[in-house]
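Hi,

Here is the structure I promised to pass on.

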Amino acid sequence: MSNLSQVKLFGNFWFFIFFVWFCFNANLVQARESVLAAVNLKVNGLKNPQGVNPTDLNLSWQLSASYRGAQQSAYQIQVVPADKEFNSPEMKWDTGKVRSSASLYIPYQGESLSSREKVKWRVRIWDGDSLVTDWSELSEWSTGLIGDRDWQAKWITSQDVNSVSSSPVTYFQKELVVTRKVKEATIYVSSLGIYELSINGEKVGSDLFTPGWTDYNHRVQYQTYDVSNFFTSDKIVLQGIVADGWYRGFLGWEGQKALYGTKTAFIAQLHLLFEDGTEQIVTTNDSWKYSTNGVIQFADIYKGEFVDATAPSPIWKFAQILDKTVNLVEPESPPVREIEILTPQHISRLTDDSFIVDFGQNFVGKIRLSATVPKGTEILIEHAEVLDELGDIYTNNLRSAVQEDRYVFSGIENETYSPTFTFHGFRYAKVSGLPSGAEYPSIEGVVIHSDLANTAEWTSSSELLNQLYSNIIWGQKGNFLEVPTDCPQRDERLGWTGDAQVFAATAAINMDVSGFFKKWLTDLSLSQKASGSVPHVVPDILDEQHHGTAGWGDAATIIPWQMYLAYGDKSFLKRQFNSMKAWVDYISTQVDDDLIWRPGFQYGDWLAPLLNDSLTPYRAETGTDFIATAFYAHSVDILSRSARIIGDEKNHKLYAKLFESIKEAFNQEFVTDSGLIVYNTQTAYVLALNFDLLDEHSRLDASRQLVRDISKRGNHLTTGFLGTSGLTKALSDNNKRRTAYNLLNQTTYPSWLYPVTFGATTIWERWDAIKPDGSFQNPEMTSFNHYAYGAIGQWMMTTVAGIQIDENAPGYKVVILNPQPGGELTNVKASIETPYGKVLSDWRIQASNFTYEIEVPANTVGKVILPLAKGATITDGSLDISRIPSIYEIEDIGDDVHLTVGSGKYSFSYDSVPLALQAADISPISRDTTLFEASGIQEIQSFLQKNAPQLLSPWAIRTIGDKSLSEISDSLHTDNTIENLIKQIPIINETRKNRALGVK
């Protein structure tokens, strides 16, 4: 072959290679464009919000990708007026290409926005290979009214001189004639009290209990509604109905009423834009009329509602201007809405004219009832969480609250009633007053709560644990209604700070509570005393004595920190830092010179059970000086870390040094030279371990003592509100996972599953709200829907399922997937909808085979820990993990295998006998095994039942349960019973192992 021919052939060869490369990359570009996109656009955490604050805006999006390892390397945002085109001269903001992986909380830095301005926006992104996507779908937002300068409307009220003891519902109304064609109509509305707005008799929006509950002494929210579709005729009737709500109604357990004001009021401002380009503004003023004798005769959150559909037509009078300065602000949290409908599971007749409906689920909301009955028929609807021993509703635990609604029928066919201005906590509804022998009406349960997106799912091979997690979710649904209430049924329903702080981390797993807690934490800041002390409830409606308590006031530091971890949003720390610091500095004025907080009144470990006291006092044995000092240290530690994150190095160093000083003082005061804690309680060990207050040696002693205390109590907890939330974490973090699972699976009192065995469908306030004999606890302090003990949900998600947050990359930017099987569970499937997208953890054990399916959202990285996998052949699908390009790192650490993976779905599988035994809760027993541990093993239990039953008695477990079998053999038995048992240990171990592995 000639040299020329060789050159041509060589050239053709490289041309061919280039052609293949070009086609491949062209296809890759096209493929990437079609499978990678920016989705789920949000402004201030909300989709297409209306009426937002134009000076405080941030934009977020998620990435949708159908391939592994998807990452964002850059983005471009464009914002333009809603009626203009992108890339036009009217553009408000064009970032250009910004090299960043950030896709959350991008601050708006475009042109200033005026009030009532509507804009649309879009975003496109570049992937890790610098390939750009198409533009996202459009999203919108509108700004609200800015301060007093934009509010032309006046507050209006009735001219009646109302007695504070009465609760008249006031109707405000304005009739309009609109002759020009309306292009756009927007109304801004609020009230002192709670309102419902309608136009021509049709309710506006789906929100309930607006304007919501804030600290009315400082601010009141207003709502923005696009009402363009209502203007289809010339005659328009605007109507606002205002009830007392939280503003003027009963609030608190001492009969307090009208805590914010003695008169309700209404304000509305309607902006009309006509097709001809002209505008008109309609405002509330003294030309509006009012009436207090509409069909809703009475409405109160605690006392229920009375509606008379036969009431005569209202008598209208001119409204009065209320000269009152009110700080109107835009909402930050989603409103309360009707969320779902429950159907009756059982209906039982009590008498000829009364029956009880069982919805099968304790929930918060109301009933919706339809019936055709004679005019004037009056029904009474009573609500309760449980039934008494006679099968009637039990309401003693409501105290002064009255969960009753009354309705008088007008006589029309299929007449429907559902209350408007009240809510109840109930599973059972008792309906009385229908004509004797009448058929059951159509009835349904309407579930209402703040409209927070559900973000978690959790299921397992244990039906009891599945029900427990369901109870946790329903407890949150029922108590996240405007504020994080303690309970939804009795004369309380307040934003107790202690309850909120122990549950906050679990709350952020189950639902998107970012806006919910931003709103509530703002009110916490506003409610703080000048000293920095934090009230017991927020909004604060109690007297001047109810503030400054450890574990409750620490909501000021703990909740912002937990929200930062869950959402990766530094604004939680920036907004709340002064409040956090004020609380810590307040405590510093309360402690003694030795930095120990020896306070006056404290709630302590609220409602912790004392097993030798059937009355169960509200506060238990852990010293309040210990609890208060531990929380002082913890809040200082959080404050120091928060300061570092927001760039405040001075305060970071200052409070880091203070934390070390408190830690030293704590150990001098409460830890003995032998490493024991002077308050020998489970809560004491939990707080000391979880708050990092012990050195390494003392941690070992403390964890052993914690296990010893739990074991001698037959695997029962003794913790209350402050100790329970971290109990299992303190165990599993210190290699005591088996004991943690023993607590989780315990079904007798006190335990998480004890209420489940009694048919509970929500979390109870007290471990024994229903006692083992079936009787009820003290009705003064017994709620059957109280979420605090549901904080175990965090451990079920982070440890049992294994979905964890990396504190160095919060908001799940780095997802840790670290399942720790145990407790005889054979599978757990859980997911969290994180700010970046869905995280899935789904593990299953069959014999010795462990399969683990995961999902890591785009634009994040997964840190996967495969338990007890060292030395095993690990596959993802059919391929060895070493051959998977999106698995970036593989490392053996201890007995586990650690992986760093790109986004996407994976299905890992390997065999591990040790893991199968761990999951089955089988560890080899020996002479050193304690009596308590041995008594829980089937073979040993049978042996002792036959040969030494006295060793299985509660007395024996309590007194010598922590003794080893060899110690008992040496000191307590001389008939060789225990020695004979010890000789059978090898056979017992082999039998248990084979059973776990399915070997016959």
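First, the ground rules. This is a predicted model, so local features need pLDDT of at least 70 and side-chain atom pairs count only at pLDDT 80 or more, while totals for chains, interfaces and linings use all residues. Residues are numbered from 1 along each chain as its sequence is written, and side-chain values use heavy atoms, with hydrogens and water left out.

**The whole chain**

The chain holds 24 helices and 48 strands; these are DSSP runs numbered from the N terminus (helices: H or I, at least four residues; strands: E, at least two). Its C-alpha trace spans about 105 × 95 × 65 Å along the principal axes.

Of the 1000 residues, 58% count as buried, meaning under 20% relative accessible area with a 1.4 Å probe, protein chains only.

Among contacts (heavy atoms within 4.5 Å) with a separation of 6 or more, 73% are between residues 24 or more positions apart. On charges, there are 85 positive and 118 negative side chains, and the centres of the two sets lie 4 Å apart. Lys and Arg are the positive ones, Asp and Glu the negative ones, with His and the chain ends not counted; the charge sits at NZ of Lys, CZ of Arg, CG of Asp or CD of Glu.

**Around β41**

Strand β41 (residues 837–846) is largely enclosed by the rest of the structure, because 7 of its 10 residues are buried. Strand β40 (residues 827–834) runs antiparallel to β41, with 8 bridges and a hairpin of 2 residues joining them. Here Ser 831 stands opposite Leu 840. β41 also runs antiparallel to β42 (residues 849–856), through 7 bridges, and Ser 841 has Ile 854 as its bridge partner. That hairpin has 2 residues between the strands, and Ala 847 in the turn has a positive phi of about 55°.

β2 (residues 58–65) is joined to β6 by 2 bridges, with Asn 58 opposite Pro 107.

Cheers

How values were computed:
Buried means under 20% relative accessible area, exposed over 50%, partly exposed in between (1.4 Å probe, protein chains only). Two strands pair if DSSP finds at least two bridges between them.
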